[in-house]
Amino acid sequence: MSTQGFGPVAGSAVFRGISGQKKIIMAANIRIAHVAKGIFRAAKDTGSAVFMELARSESDLSGGYTGMTPQVFSEKMQAAAEATGCDVWALHADHISVKKGDAADVQATKDLIDAQVKAGFTSFAIDASHLFNFTGKTVREELAENIRVTTELAHFIRSRMHGREFGLEVEVGEIGRKDTEGMILTRPEEAVEFIRALNENDVFPQVLAIANGSTHGHVYDALGNVVEQLSIDIPQTKAIAQALRDNKLSVGIAQHGITGTPRDLINLHFPKGDIIKGNVGTFWQDVVYATFKVYEPELYKNIQEWTLEKYRPANPGKNDRQIFDGNCKMAIKEFYKEIYAVEEATVHAIEAMAYAESLVFFRAFSSEGSAALVRRTLP
Ligand SMILES: [Zn+2]
């Protein structure tokens with residue numbers, strides 16, 4: 001990949017670098033690439049390592065809803081890293097989701113992974129958490145399909161990386177899943193059994209995503225207003241980390257769905273070091289749209305009208321604000337050309353805002369200084 005020294009480092013190197021430290025590394029989902037330079041610049045200025053990532057839904061072989069294939073995403077991130085001189089970052093494939101787990105599904109997933117490896121990704125999150133056997137009699141039986149598919153894909157990634165090291169995240173417990181009682185949370189024994197089974201299969205992820213009460217995207221009140229997310233279960237998260245340690249399983253926790261969680265709460269109450277990776281996605285999309293609203297009112301209006309026309313029929317009873325909020329991500333691909341052709345001043349404002357917001361995240365995550373720790377472990 002990039003030979004100028006600003007190409008992505010292995011995700012595993014980042015986790016090794018911060019091992020034992022009370023730090024969380026931000027993983028930013030860059031649905032619209034205009035935020036990337038601001039994030040990289042803040043990472044560089046604070047000495048923070050950072051992950052740049054997109055999930056399968058956001059970026060796949062046909063572009064996903066961001067319109068970026070893995071190759072396009074990789075090129076944009078490498079260019080932004082180089083332009084800002086940021087050298088400690090990983091290119092991460094977030095939520096490589098496998099929802100059915102049959103042969104065709106697994107093969108299509110391998111095709112995606114192939115493209116990600118070719119594009120220079122250095123870190124991968126296999127998400128087979130949907131494959132949960134609700135009639136299983138033991139935890140192992142409940143998780144059998146997740147274990148089988150995660151193992152197969154992890155071995156596939158290793159074979160395709162040809163000896164290069166890489167980050168590996170796996171997932172147990174679907175994030176945001178609810179039943180009639182509320183959120184379904186991952187239990188400590190599930191996390192332990194899952195990682196133990198993977199280790200037995202010669203799969204050693206550095207990081208585990210769990211369901212601990214967060215939701216992807218925004219949280220709403222009964223009127224459809226966006227509200228703060230206060231639902232992350234911190235004691236449960238600590239209990240899982242403790243159970244993993246007690247069983248000598250060496251894996252940290254990935255906190256997904258951070259958007260909306262107050263950063264003072266993160267700063268003072270998140271178990272840093274138990275949680276080692278913090279995913280922030282929708283937040284960055286908000287930064288772009290908030291800027292468009294003022295700098296590109298016509299484009300914003302077009303995006304708004306397209307989204308409402310398309311998604312109103314499927315959302316009876318919801319107000320327009322919530323329909324737009326929940327579906328505006330789908331407009332990114334539709335307006336790809338316009339979004340990437342906005343005025344220089346618009347891009348500048350987005351970058352500045354992304355920079356400032358990143359500073360606050362890096363402080364809340366205590367990631368300052370992590371880049372130097374990672375650099376020491378690099379070959
Ligand atoms: Zn996620």
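**A nonpolar core and a parallel barrel**

The largest nonpolar core takes in 102 residues, and I25, M26, V35, V50, W89, F124 and L208 have the most contacts inside it. (Such a core is a set of buried Ala, Val, Leu, Ile, Met, Phe, Trp, Tyr and Cys residues joined through C-beta atoms within 7 Å; buried means 20 or more other C-beta atoms within 10 Å of a residue's own, with C-beta atoms placed from the backbone.) Helix 14 (residues 344–365) gives this core its largest share, 7 residues. This is a predicted model, with local features needing pLDDT of at least 70 and side-chain atom pairs counting only at pLDDT 80 or more, while totals for chains, interfaces and linings use all residues. Residues are numbered from 1 along each chain as its sequence is written.

As for the chain overall, there are 15 helices and 12 strands, taken as DSSP runs numbered from the N terminus (helices H or I, at least four residues; strands E, at least two). Of its 379 residues, 47% count as buried. The C-alpha atoms fill a box of roughly 55 × 50 × 45 Å along the principal axes.

On to the sheet: 8 strands close into a barrel, in the order 1-2-3-4-5-8-11-12, with parallel pairing. (Strands pair if DSSP finds at least two bridges between them.) Strand 4 (residues 123–127) pairs with strand 5 (residues 167–172) in the parallel sense over 4 bridges, and F124 has L168 of strand 5 as its bridge partner.

Technical notes:
A residue is buried if 20 or more other C-beta atoms lie within 10 Å of its own, exposed if 12 or fewer, and partly exposed in between; C-beta atoms are placed from the backbone.
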